[in-house]
Amino acid sequence: MNIDNIKKEFPIFNSKIHNNDLVYLDSANSSQKPLVVINRIYDFYTKEFSNVGRSVHYLAVAATNLYEKTRSSVQKYINAKDKNEIVFTKGATEAINLVANTFGQKYLKEGDEILITELEHHSNYVPWHFLRKEKGIKIKFAEVNNDGEITIESIEKKITNKTKLIAFTHLSNVTGAILPVKEITELAHSKKIPVLVDGCQSAPHLKLDMQDLDCDFYAISCHKMYGPTGLGILYAKKKWLEDLPPYQGGGGMIGQVKKDGISYGDLPNKYEAGTMATAQVIAFDESIKFLEKIGIHNIMQHEKQLMDYGEEILRKNNSVKLVGNPKKKGAVLSFTIDGIHPHDIATILDEDGVAIRAGHHCCQILHDKLGLTSTARASLGIYNTTDDIDKLNLSINKCKKIFNLK
Ligand SMILES: Cc1ncc(COP(=O)(O)O)c(C=O)c1O
């Protein structure tokens, strides 16, 4: 696999940042976009545009077919059993809100418990908090261990006969911990508890197989998968999509509308109200082709080598402290440097064209647990190389010099 050639497919790398080449280490936040995806959006708007699922004219039918083609590609890519188990949303955040809202409406009452973990992104906490306020449900937190992992035991400990759903991340966007999804799902199902997985950070980096994982819900963020912004995916087992009420009301999601009653459309239309992110969905087919062309096993191998290299380099750099030490880890290197605020680190690195993220990364519960207000985070994508890690390290050294650290 030639990473230099892959990198050439991303026009952003022709840009200079403060007169430097871009070293993009913020893919956990959002990945850069290959030209095929950008061009697909341009071509769709210039030659093929129409809204989908409504009119019968040529452009409308062709656009609807393209939109549905992406649904089939996603189904295949994540090995879902049925094409109608794929619901397009505006992001993973909306996918999780959809489940919290509809599952909450139908199945939750005062005193019921939702089990999440201390690793969760705010997107997988705040929607459950709304239900805590509205319905008086309880939110329990499986505890993260010193290595920044969630073990199956820490989940098991918090399950009670009131647990109605377990919702957890597949791959932490701070510690990089990869959670044992299959085992947690087996445990939950043995107690008849459904499972929601936040797959935002895993989807760009790991092989996904919904039938093997057997989870009930899986949320995906397309803009982290070399795809357009404004698009996410909710995978949900068909039985849930049939059983749960609709999320939003409007055009496209109805069957019959009468003054005295409304019936809802078939799946997946029931959950896709209003005009959808048509161009983004159609362009996302190119992201999937891009990922498939490289091959997920090659992506995993490349990123693992890069992670090992990055960890080794940063561990050797005294005064850099890596956050978390999980046994199974994804493409995230979070760190702190005693005496330098992460925002100062990110600002100084940016002068060299090194783009990282600093802050709590939408994980305040985890940062509180770690006794930190923020961390610096370098996160990897398919276009990164060991050169990028070396430049990161050089910039960190420059930063330490400015702050008179050894
Ligand atoms: C773990 C995790 N969950 C959820 C989200 C939210 O995803 P989206 O931007 O698609 O709403 C993110 C994005 O940063 C994330 O990293």
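Start by selecting β5, helix α5 (residues 126-135) and β6: together they make a right-handed β-α-β unit. Right-handed here means that, with the strands pointing away from you, the path from the first strand over the helix to the second runs clockwise. The names of helices (H or I, at least four residues) and strands (E, at least two) come from DSSP runs, numbered from the N terminus.

Before you go on, keep in mind that this is a predicted model, where local features need pLDDT of at least 70, side-chain atom pairs count only at pLDDT 80 or more, and totals for chains, interfaces and linings use all residues. Residue numbers start from 1 along each chain as its sequence is written.

**Stop 1**

Strand β5 (residues 113-117) pairs with β6 in the parallel sense over five bridges; two strands count as paired if DSSP finds at least two bridges between them. Click on threonine 117 and you'll find alanine 142 of β6 standing opposite.

Which order do the strands of the whole sheet follow? Seven strands form an open sheet, running β4-β10-β9-β8-β7-β5-β6, with mixed pairing. At the edges stand β4 (86-89) and β6 (138-142), each with a single partner strand, so one side of each has no neighbour in the sheet. Neighbouring strands here are turned by 20° against each other on average, direction ignored. (Axes are lines fitted to C-alpha atoms, for helices over the stretch in contact, and angles run from 0 to 180 degrees between N-to-C directions.)

Next, select strand β7 (residues 163-169) and strand β8 (residues 195-198), a parallel pair held over four bridges. Phenylalanine 168 stands opposite valine 197 in β8.

**Stop 2: around the ligand**

Among the residues around the ligand are Gly91, His121, Thr169, Asp198 and Ser221; a residue counts as near if its C-beta atom, placed from the backbone, lies within 6 Å. The shell divides into two nonpolar, nine polar and one charged residue. In this scheme Ala, Val, Leu, Ile, Met, Phe, Trp, Tyr, Cys and Pro are nonpolar, Asp, Glu, Lys and Arg are charged, and the others, Gly among them, are polar.

**Stop 3: two helix pairs**

Two packed helices are described by the angle between their axes and the distance between the axes.

Then pick helix α11 (residues 296-316) and helix α14 (residues 386-402), whose axes come within 10 Å and cross at roughly 20°. That makes α11 roughly parallel to α14.

**Stop 4: the four-strand sheet**

Move on to β13-β14-β17-β16, four strands that form an open, antiparallel sheet in that order. Here β13 (320-322) and β16 (357-359) are at the edges, each with a single partner strand, so one side of each is left without a neighbour in the sheet. The twist averages 35° from one strand to the next. Select strand β14 (residues 332-337) and strand β17 (residues 375-379): four bridges join these antiparallel strands. Leucine 333 stands opposite alanine 378 in β17.

**Last stop: two loops**

Where does proline 268 lie? Look in the loop between β12 (261-264) and α10. The peptide bond from leucine 267 to proline 268 is cis, with omega near 0°. Finish at serine 319, in the loop between α11 and β13. Serine 319 has a positive phi of about 75°, although it is not a glycine.

Notes
Parallel < 35°, antiparallel > 145°, perpendicular 65-115°, else oblique.
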